[in-house]
Amino acid sequence: MTTAKSWKIGREIGDAVVKASSNPNRRWYGPHMAASVRAISERIPLVDFVLEIRDARTPLSSEYELLRKFSPFSSKRIVVLNKMELADPLELKKWMAYFQGRNYLSYAVNSHNKECVKNFLNFLQSQVRELHKSGHSGHTTTMMLLGVPNVGKSALANSLHQIGRISAAEKGKLKHTTVSSQPGDTKDIMSLKIGSHPNVYVLDTPGVFPPKLLDAEICSKLALAGAIPDDIIGETELARFCLTLLNSSHEYKKWAKLCKSQDVTGSLSNESSTSSAQRKRQYPTDHTQDFIVYDVRRVLYETISVFNGNLEDDISMGELVETQFAALRTVLRVTEEASEFADLRVASKILNLYRTGRLGHYTLEHASC
Ligand SMILES: Nc1nc2c(ncn2[C@@H]2O[C@H](COP(=O)(O)OP(=O)(O)OP(=O)(O)O)[C@@H](O)[C@H]2O)c(=O)[nH]1
């Protein structure tokens, strides 16, 4: 099975991030990250639970490395694999087994799905009850959400707060912590109430990395998943990497039916009718319509199917990706004449579709490795 590190483009992206992280003027490890690390370090010994939020597509690479510095700590640790609906479901099962096998308390969640968050909240409440049975005397239980940037800490904190308050039939204004598709937008620690009798609070924290990132393979996956600002690598390179992985996976084969019948927009709308309202809530800034997503999938399927080159070879793969960029201009209605601008617009749309799960489900690392 090919992996992210099998590809030259993945290694180049990883190396570029490592290099950027050792630049003394690195913008993405600003003073706010150093201040956040200090604030988090002071609070870790005071909280009852540490919820380490990881991205289900990168369960190892999105580890919150700074936690190692604090281990062992007295708070109970739970590893939460967020964005579970974007990951390959079979790989997700393997990862859950992997964490259980290592005696980690773990849970997979989709922060945008109410039912899923409700179940997660029930799970957290059962953990709180256990804590009280084992002698915890305080009236308030605190849970700190920790994680690298963009794994969905704020989205999860908001959803838990909203559902927790509704189930407790509490009145009063709901609070909101900032959710953004850009990494690094949470700047302060914020506390949100998620349960009453006993009171339970989650502390949302800014996503932080260690001051230097050293492992190029990890960096390439974090960049693709959106944990590192896109402009460090450039959207075009990231989209090329994304297409490389898509072309070397089996996911595109599911789109074969899109080519056999011309009247498949109906099936895509059926597929999306159940979830379109939900999707609108999830991605309020993304307006790519279903029929365009269908055309993108069809073009990707067709370009891979007719390609004669060796898909294990970097140069041939690069040729296929360039063909796809050109073909996608039409379906994505990109009309710019200058090729680099056209590529940039195609790249930005491809990345968005990929990161919102509309180009399939991918896990960028395998539990067996
Ligand atoms: N598909 C999907 N997207 C999610 C999920 N949770 C969060 N997101 C999206 O991921 C992006 C980042 O979410 P945030 O909650 O801002 O992430 P964060 O970890 O607080 O980010 P920092 O402020 O960088 O630490 C946003 O676009 C969210 O809408 C999820 O479970 N599924």
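How are H11 and H12 oriented relative to each other? They are roughly antiparallel, a term for angles over 145 degrees. Welcome to this predicted model, in which local features need pLDDT of at least 70, side-chain atom pairs count only at pLDDT 80 or more, and totals for chains, interfaces and linings use all residues. Residues are numbered from 1 along each chain as its sequence is written, and side-chain values use heavy atoms, leaving out hydrogens and water.

**The whole protein**
- The protein has 13 helices and six strands, taken as DSSP runs (helices H or I, at least four residues; strands E, at least two) numbered from the N terminus.
- Of its 369 residues, 53% are buried, meaning under 20% relative accessible area with a 1.4 Å probe, protein chains only.

**Helices H11 and H12**
- Helix H11 (residues 290-306) packs with helix H12 (residues 314-331) at an angle of about 150°, and their axes are 10 Å apart; axes are lines fitted to C-alpha atoms over the stretch in contact, and angles run from 0 to 180 degrees between N-to-C directions.
- Residues meeting here (heavy atoms within 4.5 Å) include Ile292, Val296 and Leu300 in H11, and Leu320, Ala327 and Val331 in H12.

**Helices H1 and H7**
- The axes of helix H1 (residues 8-21) and helix H7 (residues 216-225) come within 7 Å and cross at roughly 95°.
- That makes H1 roughly perpendicular to H7, the term for 65 to 115 degrees.
- Among the residues that meet are Gly10, Ile13 and Val17 in H1, and Ala216, Cys219 and Ala223 in H7.

Definitions and conventions:
Buried means under 20% relative accessible area, exposed over 50%, partly exposed in between (1.4 Å probe, protein chains only). Angles under 35 degrees count as roughly parallel, over 145 as roughly antiparallel, 65 to 115 as roughly perpendicular and the rest as oblique.
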